[in-house]
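I opened my notebook to get to know a new structure. Here is what I looked up, in the order I went.

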Amino acid sequence: MKRRDFITLLGGAAAWPLAARAQQPTLPVIGLLGAPSAAPYERYVAAVHQGLKEAGYIEHQNVPMEYRWANSQYDRLPGLAADLVSRRVAVIVPIGGAPAVLAAKAATLTIPIVFNLGADPVQLGLVTNLNRPGGNSTGVAMMTLEIETKRLELLHELAPASTPIAILLNPSNAQAQGQEREAQAAAPVIGRKVLILKAGTEHEIERAFATLVRERAAALLVGGDTFFTSQATLFVVLTARHSIPTVCPFRSFVDAGGLMSYGSSLLDAYRQTGVYTGRVLKGEKPADMPIVQPTKFELVINLKTARAVGIPIPATLLARADEVIE
């Protein structure tokens, strides 16, 4: 073999790995848009990862992920959503309910969005139909607004009195108006008045508790909200300090030491969000993927907390609980 031919052969061989790498397909990127801070939602992000794994996707192996967290500053969400769109992610997964979902929807009409939402996505204008969503969005709708009447009934049974039941909402949440309407409509059903309180910061939560104590509210219903979920420990401290019977939508409050929760499993909802995200990555169209709705709602009571703060739990309520923490 001539020297010139040998050098040419070596040069071609050296280029083979580069050519092989160039031919490798680009991995699809998932953009996670979080309304809250990252730390309080680690368990829910882990549930998304579990769902993705069930669908055949594992971060750092066959699917990269970009994370954007608003740290409960909802006005940052539009800019964070726009950044994910500019990076041409394959799908956006909003974390933390309506604020993140609406920001993602406003940022793109083409990139698939897989959400987990407490409200009715049809009423929010995210989809046209629960069975055939249309457009670029699908996911899980926990319908937490639909069971506000049940939560009020539980509090009425726990704290029967002529004084009002306080309801705490976050005015920055797009669901707040709907939550207030549902609560006002549910109050006459149980023959109670409701006291609507609003808070969007830790200081405002503390101020809301001062108001409900001053107004002698009999109990407290905490509305579903990302920021409230991230402040579970603060709620536990304040409800214990004032011995106020409280019901929350998710069991994470009860796990942190809260008194009672009634709702569907938030962890399972995020797992299902991951499963749906995997299906989108495999080529399914959000427009044709029915909205997943919970079929089971759980009543969880922390009897240890009830005893510690001196709140008696009726035996009839304990008998209906799906789980009692002792």
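I began with leucine 33 and listed its contacts, skipping neighbours within four places in sequence. Among them are Arg68, Leu77, Leu80, Ala81 and Leu84, and the list also includes Ile92, Val93, Pro94 and Ile95. I keep in mind that this is a predicted model.

Next I asked which residues have the most contacts inside the largest nonpolar core. They are Leu33 and Ile205, in a core of 36 residues. Helix H3 (77-86), helix H4 (98-107), strand S6 (165-169) and S7 are among the elements that each supply at least two residues of this core. I also found a second, separate core; it has 30 residues, including Leu152, Ala186, Val309 and Ala321.

Then I turned to valine 194, which sits in strand S7 (residues 194-198). Is valine 194 buried or exposed? I noted it as buried, because its relative accessible area is 18% and the cut-off is under 20%. Beyond its neighbours within four places in sequence, valine 194 touches Pro164, Ile165, Ile167, Ala183, Gln184 and Ala187. I also checked histidine 49, 145 residues away along the chain: its C-alpha atom and that of valine 194 are separated by 40 Å.

Last, I stepped back to the whole protein chain. I counted 13 helices and twelve strands. The C-alpha trace spans about 100 × 40 × 35 Å along its principal axes. Of the 326 residues, 51% are buried. The accessible surface comes to about 15,200 Å², and carbon and sulfur atoms hold 53% of that.

Definitions and conventions. Residues numbered from 1 in each chain as written. Predicted model: local features only at pLDDT ≥ 70, side-chain atom pairs only at ≥ 80, totals over all residues. Heavy atoms only, no water. Helix = DSSP H or I, 4+ residues; strand = E, 2+ residues; numbered from the N terminus. Buried < 20%, exposed > 50% of the residue type's maximum accessible area, 1.4 Å probe, protein only. Contact = heavy atoms within 4.5 Å. Core = buried A, V, L, I, M, F, W, Y, C linked by side-chain atoms within 4.5 Å. Areas by Shrake-Rupley, 256 points an atom, 1.4 Å probe, with all protein chains shown as cover.
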